[in-house]
Amino acid sequence: MYELNLPTYDIQLGGTREKPEIFDFLRRRFVKLTPEEWVRQHFVHWLIEHKGYPKGLLGNEIALRVGDKKLRCDSILYNQQAQPKMIIEYKAPTITLSQKVFDQISAYNLLLHVDYLVVSNGIQHYCCRMDYERNGYDFLPDIPDYEKI
């Protein structure tokens with residue numbers, strides 16, 4: 001797989017050579033190992049182990065519905081009242097984090113109205129704090145520690 005700009009962790013691989021899998025400890029099961037999933041698993045572990053995010057407040061592959069259309073958020077951080085606080089969108093390391101990626105996560109936020117939007121391809125990571133009073137956002141220099149959000 002790819003070398004990322006994230007710390008490594010005790011990775012659990014499974015499946016077969018033809019159909020490799022990686023253990024998603026939030027979903028408590030093995031999932032198909034894709035480049036995007038490689039980024040997701042590293043990023044979530046980094047948030048929990050290095051940034052202090054509570055495991056119990058994070059969810060992967062969260063389904064959303066807009067009329068008949070189904071969307072899926074890569075990861076969501078919830079607050080203690082189970083309200084969405086942060087949306088995280090992952091891309092494979094070979095994918096450029098373009099305006100299209102930010103448009104995608106912004107569409108999810110029209111439904112969830114969170115405080116933070118994060119995008120990562122495992123190499124680059126961006127975090128925006130939403131400012132609903134001025135109808136805008138501010139890029140932060142780093143992904144904040146949990147205690148600061």
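Analyst: Happy to. Let's begin with a term: strands here are DSSP runs of at least two residues, numbered from the N terminus. Keep in mind that this is a predicted model. One example of a strand is S6, residues 84-90, and Glu89 lies in it.

User: Is Glu89 buried or exposed?

Analyst: The cut-off for buried is under 20% relative accessible area. Glu89 has 3% relative accessibility, so it counts as buried.

User: What does the side chain of Glu89 pair with through a polar contact?

Analyst: Its partner is the side chain of Gln104, at 3.2 Å. If you skip the neighbours within four places in sequence, Glu89 also has contacts with other residues, including Asp74, Val101, Ile105, Tyr108 and Ser120.

User: Let's zoom out. How many helices and strands does the chain have, and which pattern do they follow?

Analyst: There are 2 helices and 9 strands. Along the sequence they run β-β-β-α-β-β-β-α-β-β-β. The radius of gyration is 15 Å, close to the 15 Å from the globule rule for 149 residues, so the chain is as compact as a globular protein of that length. The C-alpha trace spans about 50 × 35 × 30 Å along its principal axes. Buried residues are 45% of the 149 in the chain.

User: What share of the contacts with a separation of 6 or more comes from residues 24 or more positions apart?

Analyst: That share is 47%.

User: Now a helix. How do I check the span of H2?

Analyst: Compare the expected span with the distance between the end C-alpha atoms. H2 covers residues 99-112, and its 14 residues should span 20 Å at 1.5 Å a residue; the end C-alpha atoms are 20 Å apart, so the two agree.

User: Which residues of H2 are buried?

Analyst: Val101, Phe102, Ile105, Tyr108, Asn109 and Leu112 are the buried ones. They sit on the same side of H2, because they cover an arc of only 120° around the axis. The face turned away from that buried side carries Gln99, Lys100 and Leu110, which are exposed.

User: What covers the buried residues of H2?

Analyst: The cover includes strands S4 (58-66), S5 (69-78), S6, S7 (116-120), S8 (125-131) and S9 (136-140).

User: Where else should I look for a positive phi?

Analyst: Arg28 is not a glycine, yet its phi is positive at about 60°. Arg28 lies in the loop between strand S2 (20-24) and strand S3 (29-32), and it is exposed, with a relative accessible area of 69%. Asn135, also not a glycine, has a positive phi of about 55°. You'll find Asn135 in the loop between S8 and S9, where it is exposed at 73% relative accessible area.

How values were computed
Residues are numbered from 1 along each chain as its sequence is written. This is a predicted model: local features need pLDDT of at least 70, side-chain atom pairs count only at pLDDT 80 or more; totals for chains, interfaces and linings use all residues. Side-chain values use heavy atoms; hydrogens and water are left out. Helices (H or I, at least four residues) and strands (E, at least two) are DSSP runs, numbered from the N terminus. Buried means under 20% relative accessible area, exposed over 50%, partly exposed in between (1.4 Å probe, protein chains only). A polar contact is a pair of N or O atoms within 3.5 Å; within protein, one must be able to donate a hydrogen and the other to accept it, and residues adjacent in sequence count only if both atoms are side-chain atoms. Contact means heavy atoms within 4.5 Å. The expected span of a helix is 1.5 Å times one less than its number of residues. The arc is that of the directions from the helix axis to the C-beta atoms. The radius of gyration is taken over C-alpha atoms; the globule rule is 2.2 Å times the number of residues to the power 0.38.
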